[in-house]
Amino acid sequence: MSDAKFFQRGKIQELRLELNSDKKDRNYTRKKQTLKKIVANMTMGNDMSSLHPDVIACMSIPVLEVKKMVYLFLINYAKAKPEMAYEAIQTFRRDVEDPNPLIRALAIRTMGYIHVDKVTSCLIQPLRHCMRDQDPYVRKTAAVCVAKLFMQDRHLVENAGFIDLLREMLVDSNPSVVANAVAALTEISERSDHIQLQLNMSIASKLVTALNECSEWGQTYILESLMFVVPQEPGDAEMLAERIAPRLQHANSAVVLTAVKVIVYLMNYMSKEEDILSMCKKLSPPLVTLLSSGPEVQYVGLRNILLVIQKHPEILKNDIKIFFCKYNDPIYVKMAKLEIMFRLASENNVEQVLSELKEYATEIDVDFVRKAVRSIGRLAVKIESTAQRCVEALLELIQTKVNYVVQESIVVIKDIFRKYPNQYESIIGVLCENLDNLDEPEAKAAMIWIIGQYADRIENSDELLDDFLYTFLEETVEVQLALLTATVKLFIKRPTAGQDLVPKVLKWATEEVDNPDLRDRGYIYWRLLSTDVAAAKAVVLSEKPHISTETDNMDPVLLEELLLHIASLSAIYHKAPTTFIPHCKPRFLIPSPTLRRQNYNVGRTLQHQDSYSSLNNSAQFPQGLSNNMQSSRSDEDDGNGGLDEFVSSSKQPQHQRLSYHEQSFDQVAEASIGNQEYYEQKINAENPYRTDTGAVSGSQANKSGGVDLMSFDL
């Protein structure tokens with residue numbers, strides 16, 4: 001019969017009478033029924049605490065089902081009414097020594113749940129006894145109870161020697177006991193500030209042996225503990241990975257993902273490339289199999305796969321078709337698949353990928369279509385041989401006149417222009433035909449950048465910019481920055497066409513806006529144009545480093561940390577656990593003689609330096625500007641807010657970017673607010689051998705700091 005009948009509000013007095021009834025109750029059937037009613041009322045939120053004397057009296061009944069319900073009652077109300085737990089202590093002590101191992105385990109588990117000091121102090125000796133109990137069920141329950149006790153009083157656990165007892169249980173003959181001991185030690189290690197779990201290869205070998213006889217969750221715990229093994233000898237990591245590899249075929253996705261995590265971790269300690277490639281081949285089928293599960297498991301698998309292929313792209317390089325979207329996939333699965341398709345795209349499969357993306361761009365889901373269009377543009381930037389076909393595909397999409405498709409296409413075409421200058425400018429006319437469809441800031445900023453960058457090739461570029469300027473003060477900062485830079489470019493390239501626009505834009509940027517970035521850029525442009533037009537031209541029109549899709553890659557240090565957290569929330573969020581879990585201990589690769597050298601930091605640093613030096617060497621700057629100012633201003637035509645384009649192109653480290661900005665601002669800030677003498681003194685002090693004395697002179701500026709833009713001599 002169903003237990004639904006018990007979920008009815010019961011009167012306290014009636015329930016008390018039923019519990020204390022003197023009627024003959026064979027096998028305690030009536031008391032069981034009454035206790036079920038009480039538990040049901042507790043579940044519904046009704047206060048049953050006034051029945052505690054009558055319920056505790058039932059603890060002496062030697063029936064497991066009755067004891068379970070009484071203990072559940074105690075757990076529910078003991079924290080609010082500690083005296084209730086005090087009355088049950090003697091019964092707990094008797095039950096811990098009961099001949100029935102199920103009752104012994106139930107008693108020790110319940111005591112671990114009751115967070116009352118007196119009960120906790122009485123738990124120490126029974127818990128120590130249960131950890132050496134003859135029955136494995138009692139031992140494994142006691143192991144978990146230690147972890148619960150640690151959350152209440154960590155000093156008590158450490159001083160009572162429970163950590164050493166758990167360590168001894170790692171070599172227990174029963175696999176379930178081993179799994180629970182490992183789970184408890186792992187939990188304690190994660191929560192303790194000075195206890196760090198470290199397993200040697202001998203213990204690791206025994207744990208792997210116990211895997212075959214554990215439940216699926218026990219296997220997950222044991223595999224997780226192997227993340228605390230640091231191979232010290234050549235061949236240790238390879239041997240351990242080979243023994244774990246059969247877990248990749250498990251039916252439980254948690255076991256599979258945890259096994260993947262451990263193998264990816266051990267690959268850091270493998271010395272031979274052929275061993276790593278062999279492991280990569282073994283990882284591919286189980287990851288593909290995850291995608292045949294339900295959509296929730298698929299999404300978890302996809303987020304983890306995205307991390308793995310950034311470190312080891314060879315794992316799934318031949319399985320890109322499995323990531324093609326199905327018509328009935330949820331949107332979150334489709335978006336995750338799109339990102340992986342782009343990551344795995346190469347010259348060998350780009351035709352298939354591009355064909356799929358073109359198909360997705362005609363779907364009805366707006367977010368999915370946007371990401372598909374953007375992926376086409378990123379594909380053009382990533383693989384040069386397919387750029388022409390990607391541009392043609394984007395033009396076809398623009399012809400559909402679908403508003404959000406057109407805008408997304410213009411955004412990515414701007415990146416294509418940056419990547420391949422002087423190759424695809426013939427399509428600018430098509431883009432200009434769709435100006436009326438632009439209503440999103442990013443699309444507007446991209447189109448304005450294109451107009452400014454090619455102002456000398458677009459006959460009516462001044463008219464187009466003038467149309468955008470009608471709403472300058474109402475636009476977002478992103479669009480305003482783009483308009484400011486594009487107008488200055490127009491003036492430098494076509495002085496006659498831009499001479500009416502520049503004064504207006506600079507006046508707005510410096511006097512009528514509140515954004516400091518926009519105002520500072522306006523002052524810098526104003527000062528450059530008023531002092532040295534050649535310098536302004538060199539800065540604003542300097543050659544930019546080519547962009548690449550490497551800027552989409554995750555930071556290598558963060559990626560390395562996330563790979564140690566596969567199969568966790570951290571891998572789904574793509575955020576380090578320390579950012580959303582308070583007091584979480586960070587993980588990192590432990591040094592070892594077999595640890596492979598992580599040289600990505602060195603490579604990226606050299607790349608930063610090379611990019612920056614090439615930027616400095618690419619243009620001849622005028623005398624009147626310091627190198628720091630030249631470097632930071634050389635990117636000012638991006639239209640994307642500050643120095644973002646320079647950072648995304650050259651991947652200059654952020655702290656260096658900030659120092660450039662501060663130095664350049666220091667050189668122009670005082671002059672920007674009218675302190676001409678300060679500006680002259682600072683420039684002259686930095687350049688004692690200057691000969692271009694007219695570059696910065698008080699005669700070229702009004703006393704109020706204003707500039708007559710119409711007096712420029714180009």
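A residue is called buried when its relative accessible area is under 20%, exposed when over 50%, and partly exposed in between, using a 1.4 Å probe and protein chains only. This is a predicted model, in which local features need pLDDT of at least 70 and side-chain atom pairs count only at pLDDT 80 or more, whereas totals for chains, interfaces and linings use all residues. Residues are numbered from 1 along each chain as its sequence is written, and side-chain values use heavy atoms, with hydrogens and water left out.

Arg30 belongs to helix α2 (residues 29-43), where helices are DSSP runs of H or I with at least four residues, numbered from the N terminus. Because its relative accessibility is 42%, Arg30 counts as partly exposed.

Aromatic rings give another way into the fold. The structure holds nine aromatic pairs, a pair being rings of Phe, Tyr or Trp (its six-membered ring) with centres within 6.5 Å, called stacked if the planes are under 30 degrees apart, edge-to-face if over 60 and tilted for the rest. The pair of Tyr299 and Tyr332 is edge-to-face, because the ring centres are 5.4 Å apart and the planes stand at 90°. Since Tyr299 lies in helix α17 (residues 295-311) and Tyr332 in helix α18 (residues 331-344), this pair ties together parts that are 33 residues apart in sequence. Tyr299, at 24% relative accessibility, is partly exposed, and Tyr332, at 33%, is also partly exposed.

Phe472 and Trp508 form a stacked pair, with 5.4 Å from centre to centre and 20° between the planes. Phe472 sits in the loop between α25 (461-469) and α26 (477-493) and Trp508 in helix α28 (residues 501-511), so the pair ties together parts that are 36 residues apart in sequence. Phe472 counts as buried because its relative accessibility is 1%, and Trp508 is buried with a relative accessible area of 17%.

The largest pocket holds about 1,000 Å³ of space. Of the 37 residues that line this pocket, the closest to its centre are Thr186, Glu187, Glu190, Glu224 and Arg587. A pocket is an open set of points on a 1 Å grid over the protein atoms alone, where a 1.4 Å probe fits and protein lies on both sides within 12 Å along at least five of seven lines, and lining residues have an atom within 4 Å of a point. The volume is the space filled by probe spheres set on the points, which are joined across faces, edges and corners. Helix α11 gives the most to this lining, with seven residues.

Technical notes. Helices (H or I, at least four residues) and strands (E, at least two) are DSSP runs, numbered from the N terminus.
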